[in-house]
Amino acid sequence: MMDAYLNVIKVVFVLLGIISGMALLYRYAGKFKLNLKPGKSEYNLKKQDSIYLGYKKYVSVVEVNEHVLVIGVGDKDLTLLAKWKKADKSA
């Protein structure tokens, strides 16, 4: 019976070691350039907001470089509803 408890404790410590190792690897991945963290995309895509309209239907506002797109998403298609260039914040 005592061996069973020791085996359970060993398994718990091994799992804690694996989880700690994964957390440290994720934490220092950028320092060692392992590229595990998601980086910026080439197009600098950012989802600003989405409004759910119904089953598989919503409207999203997406930034792509210096443009803002309003996209309608339906069950089987996407539609560009509006597009404009972002205002320059430095002006």
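**Reading the model**

Modeller: Along the sequence, the protein follows the pattern α-β-β-β-β. It has one helix and four strands, taken as DSSP runs numbered from the N terminus (helices: H or I, at least four residues; strands: E, at least two). The model is predicted, so local features need pLDDT of at least 70 and side-chain atom pairs count only at pLDDT 80 or more, while totals for chains, interfaces and linings use all residues. Residues are numbered from 1 along each chain as its sequence is written, and side-chain values use heavy atoms, with hydrogens and water left out.

Colleague: What share of the 91 residues is buried?

Modeller: Buried means under 20% relative accessible area, exposed over 50%, and partly exposed in between (1.4 Å probe, protein chains only). Here, buried residues make up 12% of the 91 residues.

Colleague: Is E63 buried or exposed?

Modeller: E63 is buried, because its relative accessible area is 14%. E63 belongs to strand β2, residues 57-64.

Colleague: Which residues is E63 in contact with, leaving aside its neighbours within four places in sequence?

Modeller: Contact means heavy atoms within 4.5 Å. With those neighbours left aside, E63 is in contact with N44, L45, K46, Q48, V68 and K86.

Colleague: Which residue lies over the face of Y28?

Modeller: A charge sits over a ring if NZ of Lys or CZ of Arg is within 6 Å of the ring centre and within 35 degrees of the ring normal. In this model R27 lies over the face of Y28, at 5.2 Å from the ring centre.
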